[in-house]
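Hi,

Here is the structure I promised to pass on. My notes on what turned up in it follow below.

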Amino acid sequence: MKKVVAGADEAIYDIPSGATLMLGGFGLCGIPENCIAALVKKGVNNLTCISNNAGVDDFGIGLLLRKRQVKKMISSYVGENAEFERQLLSGELEVELIPQGTLATRCMATGYGMPAVFLLAGIGTEVAEGKEIRNFNGKDYLMEMAFDSDFAIVKAWKGDTQGNLIFKGTARNFSPLMAMAGKITIAEVEHLVPIGELDPNCIHVPGIYVHRIFQGKDYEKRIENRTVRPRS
Amino acid sequence: MALTKEQIARRIAQELKDGFYVNLGIGIPTLVANYIPEGVDVVLQSENGLLGMGPFPYEDEVDADLINAGKQTITTIPGSAFFDSAMSFGMIRAGKVDLTVLGAMEVADNGDIANWKIPKKLVKGMGGAMDLVAAAKNIIVAMQHTNPKGESKLLPKCSLPITGVHCVKKVVSDLGVFDITDEGFKLLEYAPGVTIDEIKAKTAGRLVIADDVKEMEV
C-alpha cells in the first residue's frame with residue numbers, strides 16, 4: 001500500500017480541468033494551502049469547487065479565483081472577497097449557495113454511501129425551489145442529494161502513512177466529511193508519522209477513505225479575524 | 001429612551017436558564033455572552049464545531065486553528081469539545097441546542113424571519129442561518145425596531161427573501177420585548193421612556209398588548 005506522495009504537485013497530478021473538487025476548511029481555518037498552491041501552478045481551469053467559503057482575495061480559494069480557474073462555487077457563505085464579487089456580478093462565475101448544515105450533511109451522505117437525505121433547512125424559502133418535498137410525521141422536508149465529487153482535498157494536523165487522519169481544533173470543520181466523500185481523497189498534513197504512532201482511539205478519518213497523503217510545508221495559517229482581549 | 005445594543009443583549013441574557021446550550025449569532029447576539037447572569041451556567045455552541053466557547057484569547061494565546069463562526073479567534077474552556085460540521089448541525093437539527101439568538105433584517109407577525117439576502121445587492125450567502133432557524137427549539141431575535149429610514153422591521157409579512165417560516169418565538173428590539181403569538185406580536189415589556197403608542201406607531205405587523213405589560217428593567 002503506497003499512499004504517501006512526495007508533495008502537492010504529485011498529489012494533484014491527475015486533476016484535470018473541469019473537475020469537481022471538495023476543499024476542506026471554514027473561512028481560512030484548516031484549508032489545504034499546499035494543494036491550492038499546486039493547483040494554481042498547474043493552471044487547471046473550469047473547476048467546480050465545493051467548499052464552505054471562497055477564501056479571501058489573496059489566500060485560499062481566492063488564489064484560484066484570481067487566476068480564473070473556477071467555473072462554479074458551491075458554498076454557504078462567500079463574503080470577504082472582492083475578486084469573487086466582481087466575477088459573480090459580471091457573470092464569469094457561477095455560484096450555488098446552500099445552507100451550511102445542508103452542505104455538511106450532503107458531504108456526509110456521500111461518505112456514508114447514502115444517495116440523499118431529508119432536511120428541514122430551507123423549507124418555505126427559495127432554497128426549496130425545484131426540490132422534492134417529503135412529509136414525515138406531519139413535517140415537510142427537502143430531499144437533498146449526496147454530492148458527486150471527483151476529488152476531495154483536505155488538510156489535517158496529523159496523519160500516518162496509511163492515511164489515518166487527526167484534525168486540530170476548529171480546523172476540523174468540513175474536512176473529515178469531505179475526506180470521506182471524494183472519489184479520490186488527498187490529504188496534506190502538518191505532521192506525517194509512521195503507522196503505529198497515532199492512537200487508534202483518536203482517529204477522525206480512517207485511512208480507508210484517504211488515497212494520497214503527504215507532509216505539507218510552509219503553512220501560513222492566516223487568521224481572517226484576529227480578535228484578542230487585553231491583559232488587565 | 002430606546003435601548004442600546006448592550007441593553008438589548010443584557011435583556012436577552014435574562015432569558016438564559018441554567019444548563020442551556022446556546023448558539024449566538026453574529027452582531028448583537030454575540031454580546032449576550034457578556035451578560036450571562038450570575039449562577040447561570042450555559043454552554044455556548046459555535047456551529048463551525050465547538051461546544052464550550054471561551055472568551056477571546058490574549059495576544060499570546062492566539063491559535064489559527066481555533067476560531068468561531070464569525071472567524072474570530074477564540075479560546076476553549078474546561079469541558080470544551082470539538083466536532084465536525086455535520087455533527088454540529090446534527091445537534092442543532094436534533095433539538096439539542098436549547099436557544100438560538102439571531103439578528104434579523106425583518107420579522108413577520110407569524111414568526112417568519114428574513115436575514116440573509118437583499119435582492120439586487122451582493123448576496124454573500126446564508127451560512128448556517130437557515131439550518132438554525134429551521135431546527136432550533138427556541139429562537140430569540142435581537143434587532144433594531146426600525147430601519148435607518150424609520151420604517152418598521154416588525155411586519156405583517158417579510159418583504160425580503162425569507163430565511164425560515166414560523167420559527168421566531170420572541171423578539172427583543174430597542175423598543176420592547178415581544179412574543180410571537182397567534183394574534184401577532186405581543187408586547188410584554190417596553191423600554192424605559194418608550195410609550196406604548198410609539199411602539200404601536202412603529203410596528204407594522206399585528207400588535208397586541210399583554211394584560212400585564214410592564215416597563216423593562218434595565
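Between chain A and chain B, 25 residue pairs are in polar contact, both residues at pLDDT 80 or more (N or O atoms within 3.5 Å, one able to donate a hydrogen and the other to accept it; residues adjacent in sequence count only if both atoms are side-chain atoms). On the chain A side that touches chain B, helices H4 (82-89), H5 (100-111) and H6 (175-181) each supply at least two residues, and H5(A) gives the most, with six. Helices here are DSSP runs of H or I with at least four residues, strands runs of E with at least two, numbered from the N terminus.

Before you read on: this is a predicted model, so local features need pLDDT of at least 70 and side-chain atom pairs 80 or more, while totals for chains, interfaces and linings use all residues. Residues are numbered from 1 along each chain as written, chains are lettered from A and ligands numbered from 1 in the order written, and side-chain values use heavy atoms, without hydrogens and water.

The two chains also share six salt bridges (a Lys or Arg side-chain nitrogen within 4 Å of an Asp or Glu carboxyl oxygen). One of them joins Lys168(A) to Asp63(B), with the closest N and O atoms 3.2 Å apart.

Chain A also has an open, antiparallel sheet of three strands, ordered S5-S7-S6 (strands pair if DSSP finds at least two bridges between them). Its edge strands are S5 (116-119) and S6 (133-136). S5(A) and S7(A), residues 139-145, pair over four bridges, and Phe118(A) has Met143(A) as its bridge partner.

Best wishes
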